[in-house]
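Subject: Structure for you to look at

Hello,

Here is the structure I said I would pass on. Please open it first, then read the notes below it.

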Amino acid sequence: MEKILSLITDHHTLTGGHCGLTAVKISQRTGIDLATVRKELNKLYQAKEIEVRDGAQGKLVRKL
């Protein structure tokens, strides 16, 4: 979970919080299988550490 949150935080900093990541990109960049990434994203969402928005590319994950 720390690896995923770290990636989201780094992307947030890099883009100034204007862009999000898809679950597939998170899976590819971390090397964690997609099913596990989705479970961890759900935990992060419930802990109110991330938000999920609809984007042109599908569901985008962003840091709060």
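This is a predicted model: local features need pLDDT of at least 70, side-chain atom pairs count only at pLDDT 80 or more; totals for chains, interfaces and linings use all residues.

Helices H2 and H3 cross in a right-handed way; a crossing is called right-handed if the near helix is turned clockwise from the far one by less than a right angle, and left-handed if anticlockwise.

Residues are numbered from 1 along each chain as its sequence is written, and side-chain values use heavy atoms, with hydrogens and water left out.

Two packed helices are described by the angle between their axes and the distance between the axes. For H2 (residues 23–30) and H3 (residues 34–46), the angle is about 115° and the axes are 9 Å apart. Each axis is a line fitted to C-alpha atoms, for helices over the stretch in contact, and angles run from 0 to 180 degrees between N-to-C directions.

Which residues make the contact? On H2 they are Ala-23, Val-24, Ile-26, Ser-27 and Thr-30, and on H3 they are Leu-34, Val-37 and Leu-41. Contact means heavy atoms within 4.5 Å. Six of these residues are nonpolar, two are polar and none is charged. Here Ala, Val, Leu, Ile, Met, Phe, Trp, Tyr, Cys and Pro count as nonpolar, Asp, Glu, Lys and Arg as charged, and the others, Gly among them, as polar.

**The cavity**

A cavity is a set of points on a 1 Å grid over the protein atoms alone, where a 1.4 Å probe fits but cannot get out; lining residues have an atom within 4 Å of a point.

The lining of the largest cavity consists of Ile-8, His-11, His-12, Cys-19, Gly-20, Leu-21, Val-61, Arg-62 and Lys-63. Helix H1 (2–15) and strand E2 (58–63) each give at least two residues to this lining. By type, the lining has four nonpolar, three polar and two charged residues.

**Residues around it**

Val-61 lies in strand E2 and is buried, at 6% relative accessible area. Buried means under 20%, exposed over 50% and partly exposed in between, with a 1.4 Å probe and protein chains only. Beyond residues up to four places away in sequence, Val-61 touches Ile-8, Gly-20, Leu-21, Ile-26, Leu-41, Ile-50 and Glu-51.

Gly-20 sits in the loop between H1 and H2 and is buried at 17%. Its C-alpha atom is 8.3 Å from that of Arg-53, although the two are 33 residues apart along the chain.

Glu-51 is in strand E1 (residues 50–55). Is Glu-51 buried or exposed? Glu-51 counts as buried because its relative accessibility is 16%.

Lys-48 is in the loop between H3 and E1. Lys-48 is exposed, with a relative accessible area of 65%. Its phi is near 60°, a positive value in a residue other than glycine.

Regards

Terms used. Helices (H or I, at least four residues) and strands (E, at least two) are DSSP runs, numbered from the N terminus. On a 1 Å grid over the protein atoms alone, a cavity is a set of points where a 1.4 Å probe fits but cannot get out, and a pocket is an open set with protein on both sides within 12 Å along at least five of seven lines; lining residues have an atom within 4 Å of a point.
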